Amino acid sequence: MTVPWRAGSRGITYKEREDLTLRPRSCLQCSESLAGLQVGRSADQGDLNPLKEVYSDGHLTVLATDPLLQEYPVQLDFHFRLTPETSAHWHGLLCDHRLFLDIPHRALDQGNRESLTATLEYVEEKTNVDSVFVNFQKNRNDKGALLRAFSYMGFEVVRPDHPALPPWDNVIFMVYPLERDLGHPPSEPP
């Protein structure tokens, strides 16, 4: 069932839409791309906007491209240390108070659930994001399980033609609107 998403329904401007076509991208610290495929570092990805650590506390480390260029989408990578040897990774783009997160290949594993909770807590406490969108390819084998799990966590399916969505093909989006106390800004930008 597709629920029309209404909260903060301002559409994406042409420039934002153009910038949000940056897919797929990969994380230099792991080998997982958007669709859970193994990809290498391309010259275009690593050299123009290298990721820098912007936050680290306990198990969660957040890396971002230059956060001072907030008129353009900012890549945010969330790395959650599960054990000394393993991490769960969530990769996203921050654009105009919206965070778009790619659902990792094994999103329903316990470690990824724990890492998503830590990621959402960081986003709510440390950024000015109003809505967190997760997305995954329509042809994933675990599509039904993902829809059920994220619906249970409070995410809602977004209709494909919603104006706030980037023009990514063959993707299902779900949104989690963050409730903000209007009197208290976040403690720091991403």
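Which residue forms a salt bridge with D161, and how far apart are the closest N and O atoms?

1. The partner is R159, with the closest N and O atoms 2.9 Å apart. The model is a predicted one, and the distance should be read as a value computed from that prediction. D161 is exposed, at a relative accessible area of 58%, whereas R159 counts as partly exposed at 29% relative accessibility.

2. A search of the whole structure finds three salt bridges, and the other two can be described in the same terms. The side chains of D109 and R106 meet at 2.9 Å, N to O; R106 counts as exposed, with 54% relative accessibility, while D109 is partly exposed at 32%. The side chains of R140 and D142 also form a salt bridge, at 2.9 Å from N to O, and here the arginine R140 is buried, with a relative accessible area of 16%, although D142 counts as partly exposed at 23%.

3. Turning to the fold, the model contains an open sheet of eight strands with mixed pairing, in the order β1-β2-β3-β4-β5-β6-β8-β7. The edges are taken by β1 (52-57) and β7 (156-157), each of which has a single partner strand, so that one side of each is left without a neighbour in the sheet. In general, strands of a sheet pair through backbone hydrogen bonds, either parallel or antiparallel.

4. Two helices deserve a look for the way they lie on the strands. Helix α3 (residues 110-126) lies across β1, β2 (60-64), β3 (74-81), β4 (87-95), β5 (98-102) and β6, and runs at about 35° to β4. Helix α4 (residues 143-152) lies across β4, β6, β7 and β8, and its direction is at about 10° to β8.

5. Which backbone angles of residues other than glycine take a positive phi? Two such residues may be checked, and one of them is H97, with phi near 65°; this residue is placed in the loop between β4 and β5 and is partly exposed, with a relative accessible area of 33%. The other is N170, with phi near 55°, which lies in the loop between β7 and β8 and counts as partly exposed at 36% relative accessibility.

6. The count of aromatic pairs comes to eight. Among them, the rings of Y55 and Y122 have their centres 4.8 Å apart and their planes at 45°, so the pair is tilted. This pair links distant parts of the chain, with Y55 in strand β1 and Y122 in helix α3, 67 residues apart, and both Y55 and Y122 are buried.

7. A further aromatic pair is formed by F100 and F133, which is stacked, with 4.9 Å from centre to centre and 20° between the planes. F100 lies in strand β5 and F133 in strand β6, so the pair ties together parts that are 33 residues apart in sequence.

Definitions and conventions: Residues are numbered from 1 along each chain as its sequence is written. This is a predicted model: local features need pLDDT of at least 70, side-chain atom pairs count only at pLDDT 80 or more; totals for chains, interfaces and linings use all residues. Side-chain values use heavy atoms; hydrogens and water are left out. Two strands pair if DSSP finds at least two bridges between them. Helices (H or I, at least four residues) and strands (E, at least two) are DSSP runs, numbered from the N terminus. Contact means heavy atoms within 4.5 Å. Axes are lines fitted to C-alpha atoms, for helices over the stretch in contact, and angles run from 0 to 180 degrees between N-to-C directions. Buried means under 20% relative accessible area, exposed over 50%, partly exposed in between (1.4 Å probe, protein chains only). Rings of Phe, Tyr and Trp (its six-membered ring) pair if their centres lie within 6.5 Å; planes under 30 degrees apart count as stacked, over 60 as edge-to-face and the rest as tilted. A salt bridge is a side-chain nitrogen of Lys or Arg within 4 Å of a carboxyl oxygen of Asp or Glu.
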